[in-house]
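Hi,

Here is the structure I promised to pass on. Have a look, and my notes on a couple of its helices follow below.

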Amino acid sequence: MASQSKIEWTETTWNPVTGCTPISEGCLNCYALRLAKRLKAMGNKRYRNGFKLTLHPDLIGVPLRWVKPRLVFVNSMSDLFHEDIPLEFIQKIFFTMKQAKQHSFQILTKRSTRLTEIAHLLPWPDNIWMGVTIESGKYAYRADNLRKTPAAVRFLSVEPMIGPVKDLKLSEIDWVIVGGESGPKARKVEEVWVKSVRDQCVSEDVPFFFKQWGGTNKKKAGRELEGKIWNQYPKSYCDMPQQCSL
C-alpha cells in the first residue's frame, strides 16, 4: 500500500509496517495515531489493529512496481527501527530499497540507538536517506548516533519542534527539516527556535527545509519564515537548481 503524500518534503509514502508506541515527548500528539484510529473506524483492513504494531509482508515489494522515480517516505505510519520489528523484516525492506534504484527512500526514526546497533547488518545504497527526529535539545544525541551509520544522506527532522535546539552539531549531516506541531492539541513553536536552527544551517552550509508553523490551523499558519519559503534539499539530490534554491 502506498499513497501520494501531503507531507511537504516527500512525494509518496510506503508503509510495510503500521503502528507504533510512544518513546519520547514528540510522540504525545502523534498524527499517525490519530490517522490510524480514523482509518480503523472507516473499515480500512490495514488498520484493523488500530495503532498496534502490524507487519504487512505483502507490501514489501511494492516499490519495485513503480517505474517513475519518486521520493518515498518509508513507514510514515510507524518507526522502522521499533524494537518489536524483527531484524529479518527490516533487512527485507532494505533489500527492496537497494533493488529499487530509481527511487530515493527517506527513513526517519526516534529509535537511534537500535539504528546504530543493527546498521552494520543492513545494506546502504546511495538511494537511502537516513534521518532521526530531534524534537528538542534533549534529543540532540540522536544526531551523534546517526553519524555512526554509513548512509549516503543523513538528515535531521526537528519536528514537532517543542523546544530550542541550540549548538546543533551538523558535521556529516546533509539536510535539516524543521516544523511546528499541528493538530487539535498542538504545542506552540517559537520563532526564535526556528531561526536558531535555520541560522546554524546557513552558517554550516547545510540545506534547510521549513515545513510548517503548525498549530490548530496548519494551512492558515503557513510556511513562511521571515518572508521566505525554505525548500532546500540535500545537495546530492539537487539535479535542478530550483530544488535547492529558496
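Let me begin with helix 2, where the buried residues (under 20% relative accessible area with a 1.4 Å probe, protein chains only; exposed is over 50%, partly exposed in between) are Phe89, Ile90, Ile93, Phe94, Thr96 and Met97. Looking down the axis of helix 2, these fall within an arc of 155 degrees (taken from the directions from the helix axis to the C-beta atoms), so they line one face of the helix. Exposed Glu88 and Lys92 sit on the face turned away from that buried side.

Before I go on, the ground rules: this is a predicted model, with local features needing pLDDT of at least 70 and side-chain atom pairs counting only at pLDDT 80 or more, while totals for chains, interfaces and linings use all residues. Residues are numbered from 1 along each chain as its sequence is written, and side-chain values use heavy atoms, with hydrogens and water left out. Helices (H or I, at least four residues) and strands (E, at least two) are DSSP runs numbered from the N terminus.

Now helix 5, residues 191-204: which of its residues are buried? They are Trp193, Val194, Val197, Arg198, Gln200 and Cys201. Down the axis of helix 5 they fall within an arc of 160 degrees, so they too line one face. Their cover includes strand 9 (175-179) and strand 10 (208-212), with contact meaning heavy atoms within 4.5 Å. Facing away from the buried side of helix 5 are the exposed Val192, Val202 and Ser203.

Cheers
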